[in-house]
Number of protein chains: 2
Amino acid sequence: MTQAALQNNDENNSEATPAIKKGRPRSAKSKTAILKATNSLLLHMSVQELSIEAIAKKAKVGKTTIYRWWPNKTAVVMDALISQPGIQSPLPTPKNNAEALIMQLDKLIRMLNGNNGETIAQLFSEAQADEKAKKIFSGTFLTPLLDAIEFSVEEGQKAREFRASLDTKMAIDLLCGPIFFRLMSRPEELNDDFRETYPKEAVRLISA
Amino acid sequence: MTQAALQNNDENNSEATPAIKKGRPRSAKSKTAILKATNSLLLHMSVQELSIEAIAKKAKVGKTTIYRWWPNKTAVVMDALISQPGIQSPLPTPKNNAEALIMQLDKLIRMLNGNNGETIAQLFSEAQADEKAKKIFSGTFLTPLLDAIEFSVEEGQKAREFRASLDTKMAIDLLCGPIFFRLMSRPEELNDDFRETYPKEAVRLISA
DNA sequence: TACGATACGAAACAAATCGTTTCGCAACCA
DNA sequence: TGGTTGCGAAACGATTTGTTTCGTATCGTA
């Protein structure tokens, strides 16, 4: 549905199905230049301040090329984010669900800790008003994240690691809410100290 | 600092000091018309979509009048919000700090539950990118709220009601984070059921 | 009552932004 | 070589934003 998803589908298709296309192929150089320029510009300005024109100028690319491949600014920024190395690094195998959750929360805080934290907060914010932005942000970032956590919570409840009395959605909010709230209210306090103490504490709160 | 604060200062001055001013006084009719129009329009559109022009048109007022008294859209919306009756209703006297916290959280959820929830979420969002919006939102809404909760938390820790091992900031994030996270990720689930179950559960988590 | 000061609303303003379209050229496949 | 698609530059119309101008209205005070 979202363009970011379509991007992946395209790439997946090229693996699964050859899908021979005629005509001039898409320029990989332009694509990477656009994503690089986007990430670079986001170091100095907000998502709101960022304009497609600025991206095109910095990437030395026509505006047309950007609008042809992405539906809007949100989609470009989202793609630029996930294109960064280390973002979708796999987690080591945990020995139980509590440890799994701790690792997931730790990874989340790491992701929000750096320069990307602001950007993600701004995408989350944009999603509040804009329906298209919401679909892209949810589908690409939030839903996969929450689904993974939901899985660990439910497995942990089955295994009697976590209190079964707790509603799953409530548990998710308890685990993730404080992280995002701190990100948006006091981002400077989303630091290594928090990352080291919070996940254990949070998981302890929902443990049996 | 903020215009909303200045507004209050003006009103406070008119109580404390007569502060006789010459010239035509500010039109109370225009002011209320602007705030009413803002609240009315916010029922049908987002803060982003809302324009000063639309407010002026609906309130049958010149754009000039709005820009003269408020620095930007955020300030108008914030003033319109707090001008609503029942927003700053005082809380009954609690018998302990746990009960105080529960009442505060209940009140917060009530506030975010109705039509104002979306608006507040959007103001919070706007604050992520815009520094002026951040100052207005923090100074008028967020900081007073968190200060009150911080007070109850610290008092409760002194009284041994709550775990002293918990960092105050961490406790605040644990209490408020899930509420705002649900508001921004699954607002439809910020309902009466949540309001009845969450505050007790949250306070229980930080209790000794 | 007249005057100075300030507020009011309508209108016009420049500047910026947005997504689209047009165009000539480039790159690939059959 | 011909057909097809991607590329980038430029210009476009439509909006939006906050400011300024201007004539009028409403207050306190001389």
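1. Helix 6 of chain A passes helix 8 of chain A in a left-handed crossing, a term for a near helix turned anticlockwise from the far one by less than a right angle. Helices here are DSSP runs (H or I, at least four residues), numbered from the N terminus. The model is predicted: local features need pLDDT of at least 70, side-chain atom pairs count only at pLDDT 80 or more, and totals for chains, interfaces and linings use all residues. Residues are numbered from 1 along each chain as its sequence is written, while chains are lettered from A and ligands numbered from 1 in the order in which they are written.

2. The axes of helix 6 (residues 97–113) and helix 8 (residues 131–158) of chain A come within 9 Å and cross at roughly 160°. These axes are lines fitted to C-alpha atoms over the stretch in contact, with angles running from 0 to 180 degrees between N-to-C directions. Helix 6 of chain A and helix 8 of chain A are therefore roughly antiparallel (an angle over 145 degrees).

3. Residues on the helix 6 side of this contact include Leu101(A), Gln104(A) and Leu108(A), and those on the helix 8 side include Leu145(A), Ile149(A) and Glu155(A); contact requires C-beta atoms, placed from the backbone, within 7 Å. The contact divides into seven nonpolar, four polar and one charged residue. Ala, Val, Leu, Ile, Met, Phe, Trp, Tyr, Cys and Pro count as nonpolar, Asp, Glu, Lys and Arg as charged, and the others, Gly among them, as polar.

4. Between the chains, 23 residues of chain A are in contact with 23 residues of chain B. On the chain A side, helix 9 gives the largest share, 11 residues. By class, that side has 12 nonpolar, seven polar and four charged residues.

5. A rotation of 180° with 0.0 Å of shift along its axis superposes chain A on chain B (RMSD 0.1 Å), by least squares on the C-alpha atoms of residues with pLDDT of at least 70 in both. The two copies are thus related as by a two-fold rotation axis. The same surface serves both copies, since 100% of the contact residues of chain A recur in chain B.

6. DNA strand C is surrounded by 24 residues, the closest being Arg24(A), Gly23(B), Arg24(B), Gly62(B) and Thr65(B); near means a C-beta atom, placed from the backbone, within 6 Å. Helix 4 of chain B gives the most to this surface, with four residues. The surface has five nonpolar, 10 polar and nine charged residues.

Conventions: Helices (H or I, at least four residues) and strands (E, at least two) are DSSP runs, numbered from the N terminus. Two residues are in contact if their C-beta atoms, placed from the backbone, lie within 7 Å. Angles under 35 degrees count as roughly parallel, over 145 as roughly antiparallel, 65 to 115 as roughly perpendicular and the rest as oblique.
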